[in-house]
Amino acid sequence: MFKVLDSAVPIACWSCSIGHNDSTLFCPHCSKIQPPPGGDYFSVFSLEPKLNLDLPALEREFHRLSRRLHPDRFARAEDIEKQWSLADTALLNDAYRTLKDPLRRTEYLLKLEGAEIGEEFSGMGRKDPSRVPADLLEEVFDLNLQLEEMRMARNMGQSDPVLEASLTGAKKKFDGLVEAVDRDLRIEWKLWDEGDEVARAASEKRMVAMIDRRRYLSNLVRDVTEILGA
Amino acid sequence: MEGDAPVVIPGVDGSNLVPSVVALDPIPPEGGRPTVTVGNSARKALIETPERVIYSVKRLMGRGLEEIQSELKLFPFHLAGDVEAGEVPRIQLGELRFTAPEISAYVLRQLKRNAERFFGAPVTQAVITVPAYFNDAQRQATKDAGRMAGLDVLRLVNEPTAAALAYGLDRAKVGTIAVYDLGGGTFDISILKLRDGIFEVQSTNGDTHLGGDDIDNLLMAIALDEIHAEHGVDMRAHPSAVQAVRKAVIEVKIKLSTEAIAHFDIELPNGDRYQREIPREVFEQLIEPVLNRTAGPCKQAMTDAGITPEEIDEVVLVGGSTRIPAVRQLVDDLFHLAARGKKPHIELNPDEVVALGAAVQAAILAGSSKSTDELLLLDVTPLSLGIEALGGTVARIIQRNSTIPASATEFFTTGVDGQTNVAIHVVQGERELATDCRSLARFDLKGIPPMSAGLPRIEVRFLIDADGILHVTALEQRSGKAAQIEVKPTYGLTDEQVESMILESFDHAEDDFAKRLLIEARNEAETILTAVERAPQSPAWAQLTGEEQAAIAAARDHLNAVKLGEDSSLIRTATLALDQATRRFAELMMEAAVSTALRGKTMDSANEELGEAVTAPHAMAPAEFK
């Protein structure tokens with residue numbers, strides 16, 4: 001991942017050879033596009049790492065930078081400029097995709113801070129029982145049984161309205177639990193953004209647990225939605 | 001672009017569309033390689049020599065053997081017998097074999113020629129559109145086809161996005177647009193947000209084998225079964241008769257878009273006639289299952305974009321199949337249009353709107369038009385990119401609907417002491433297991449310095465470029481060595497293969513642009529000269545004044561004199577002059593054709609013939625109709 005580098009290190013521009021600060025996308029001297037700068041996703045948008053972001057402003061900045069960096073703007077440029085445009089735009093898009101989504105943004109920031117978080121989109125460990133939130137053990141167990149039953153009924157081509165109603169109820173409940181986690185997370189955002197180092201460290205710990213719980217819940221909701229929609 | 005507006009370049013036959021029909025002409029009697037005919041003029045070969053014709057090749061692009069085999073069950077062409085596993089499958093066309101990109105290259109080359117004829121200058125660069133739901137292999141195959149056709153492919157643009165660009169050009173709007181694109185062979189749905197000239201795709205979905213062809217195949221299966229049951233004729237034994245049925249099916253389908261009822265009337269090989277009425281309601285019942293397959297992708301695209309139907313401001317219809325009233329009804333239901341007092345956009349010809357959008361994108365890339373200066377297209381990758389993890393599951397590294405270019409970095413290590421290579425399997429798709437996804441490539445990271453297991457740290461960077469095509473680079477971090485990557489694309493041609501096909505596909509006489517222009521100019525001259533020669537036999541000739549006849553003769557002699565020269569523009573000018581001189585004669589003949597047509601035929605078919613006549617290359621062309 002991208003580490004925060006010392007941005008005071010000067011780098012020579014590939015085109016005019018004059019040294020410049022490495023966090024810039026265009027050479028201040030000859031205006032030529034530069035390779036992807038070091039630094040994190042926040043710095044792409046000249047932002048401090050914060051969990052509460054002004055999303056409309058982020059979008060405007062994304063559009064402004066896209067207009068300058070996108071490969072479409074370099075179709076007639078030298079090969080090296082094309083290459084940097086591609087790399088810079090990929091970085092810009094990756095950064096925007098991560099920061100605009102509250103959950104991805106939170107996970108990203110936690111990782112920057114050195115927290116251990118599982119891979120969000122890994123196909124592994126989706127039903128890892130060790131990660132079942134302790135207060136939900138019983139309900140999750142019941143729900144998984146019902147899901148299995150429903151799958152079997154579906155495979156036999158049967159419908160089971162009672163089971164369906166029960167699953168719909170469960171989905172509602174778990175949807176509510178996801179929303180509750182989101183509310184808790186928003187509270188933590190404020191605590192982290194405004195807190196000192198000690199407060200931040202404590203908040204990070206809580207957020208890691210919340211994200212684990214949320215991921216587990218939303219996977220469950222997805223499974224239920226899938227089978228109800230089938 | 002003409003000024004600020006894109007226009008479609010017509011072909012030699014005057015038509016704006018070049019259907020993707022490719023026919024291999026018979027081998028010339030003196031031997032040598034047979035020539036290839038593309039487009040409208042290849043259509044008649046569908047009935048005359050069906051074993052030498054291929055159409056809808058787009059459905060075969062970038063596909064593996066098994067996929068093509070299942071696809072081909074519905075089509076009259078066949079795979080070459082001796083296909084080896086891992087090779088790009090070839091289609092048998094007469095005595096020759098072609099890969100899908102080669103066939104596609106013939107279509108592209110025809111378009112290139114049409115453009116060169118229009119501009120009077122070589123055309124070497126192109127923007128090519130592809131279905132938004134095309135995967136990496138299908139995109140790569142399309143780029144390969146472009147290269148084989150002698151084109152530098154500046155950009156692949158997703159078709160629905162191109163359509164939005166064509167519509168959005170003259171309206172600086174803010175809003176959310178859904179583009180529903182049901183073509184001959186593919187279905188796409190894309191949802192875009194438009195703001196300050198930036199077209200930002202939010203989500204896309206689709207089915208790369210769903211389209212008008214499926215409707216045709218469905219109706220054909222029914223017709224062929226009925227013919228078998230009622231007349232005892234197994235049409236499958238008569239390829240050209242099957243093509244006659246296909247033609248009739250397509251005519252019925254088109255007619256039912258405007259009429260309440262249509263008829264089949266087909267002469268069978270045994271002399272019987274297959275006659276049947278198809279009311280629109282019956283047709284709509286039959287095709288309902290096909291059309292309903294577009295609903296799922298539409299709903300998924302809305303879910304992925306995080307919006308409800310009510311949040312969609314405009315719906316754009318693209319593709320010939322959206323002319324079917326039942327399709328429009330389905331779209332209306334999906335996006336709650338009528339209920340909100342809205343109508344889908346159909347102002348631009350659904351067969352041309354994508355090409356118009358591609359021209360806009362080309363102008364953006366060329367920076368050549370003021371009107372496109374402020375426009376920018378931000379597209380997405382339609383399918384998630386993943387790598388096969390332990391146990392055959394998929395670890396997703398780039399999610400579908402990510403704005404492209406997009407990248408992801410993954411770290412790999414070794415599992416055994418001294419291991420010097422690591423195999424990586426890259427897949428594309430949304431399923432949990434790698435075997436259910438589309439295999440893109442297997443990479444072998446080689447040349448890893450021997451170390452204890454788990455110690456090497458190989459950084460692999462996956463980058464999807466603005467064309468939606470994947471690039472991979474790798475670096476062993478501890479040694480700082482760029483790891484060697486050996487890419488084995490699961491489907492697709494190697495660079496060497498593409499290069500050799502470029503050479504194979506070039507007829508050297510045509511390589512030379514000036515020479516080609518000359519040949520074309522001479523051909524055009526010959527066409528009109530032949531028509532003029534036959535003119536005195538026509539009753540219309542006697543209606544001309546002596547002066548008019550003399551003017552034609554003079555223009556004819558002049559063209560005869562210059563046609564053997566080497567200057568194509570001189571020949572073309574003389575051809576145009578002869579065309580001018582014969583204009584009144586052509587009008588007289590047209591009138592005669594109309595009255596003949598009206599006497600013997602229905603108004604409909606007369607109109608149809610006239611429609612074709614009007615778009616013919618020369619005013620003399622009606623003489624070609626019997």
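Which residues in H1(B) meet which residues in H7(B)? Select B:Leu46, B:Ile47 and B:Glu48 on the H1(B) side, then B:Ser240, B:Gln243, B:Ala244 and B:Lys247 on the H7(B) side. Before going further, some housekeeping: this is a predicted model, where local features need pLDDT of at least 70, side-chain atom pairs count only at pLDDT 80 or more, and totals for chains, interfaces and linings use all residues. Residues are numbered from 1 along each chain as its sequence is written, while chains are lettered from A and ligands numbered from 1 in the order in which they are written.

**The helix pair**

Show helix H1 (residues 40-48) and helix H7 (residues 239-255) of chain B: their axes come within 7 Å and cross at roughly 130°. (Axes are lines fitted to C-alpha atoms, for helices over the stretch in contact, and angles run from 0 to 180 degrees between N-to-C directions.) That makes H1(B) oblique to H7(B), the label for whatever is left after under 35 degrees (roughly parallel), over 145 (roughly antiparallel) and 65 to 115 (roughly perpendicular). Helices here are DSSP runs of H or I with at least four residues, strands are runs of E with at least two, and both are numbered from the N terminus.

Next, pick out E4, E5 and E6 of chain B, an open antiparallel sheet in the order E4-E5-E6. Strands pair if DSSP finds at least two bridges between them. Strand E4 (78-79) and strand E6 (96-99) of chain B are at the edges with a single partner strand each, so one side of each has no neighbour in the sheet. Strand E5 (residues 90-93) of chain B pairs with E6(B) over four bridges, and B:Ile91 sits opposite B:Phe98. Contact means C-beta atoms, placed from the backbone, within 7 Å. Zoom in on the hairpin of E5(B) and E6(B), with two residues between the strands, and look for B:Gly94 in the turn, with a positive phi of about 55°.

**Into the core**

Select helix H5 (residues 159-168) of chain B. With 10 of its 10 residues buried, H5(B) is largely enclosed by the rest of the structure. (Buried takes 20 or more other C-beta atoms within 10 Å of a residue's own, exposed 12 or fewer, partly exposed in between.) Across chain B, 43% of the 626 residues are buried.

B:Ala163 and B:Ala164 are among the members with the most partners in the largest nonpolar core, of 156 residues, as is B:Val316. Such a core joins buried Ala, Val, Leu, Ile, Met, Phe, Trp, Tyr and Cys through C-beta atoms within 7 Å. Centre on B:Val316 to find its contacts, including B:Tyr167, B:Ile177 and B:Pro344.

**Over to chain A**

Last stop: show both chains. Here 24 residues of chain B are in contact with 19 residues of chain A. Elements giving two or more residues to chain B's side include helix H11 (353-366) and strand E18 (406-412) of chain B.

Methods. Two residues are in contact if their C-beta atoms, placed from the backbone, lie within 7 Å. Lists of a residue's contacts leave out its neighbours within four places in sequence.
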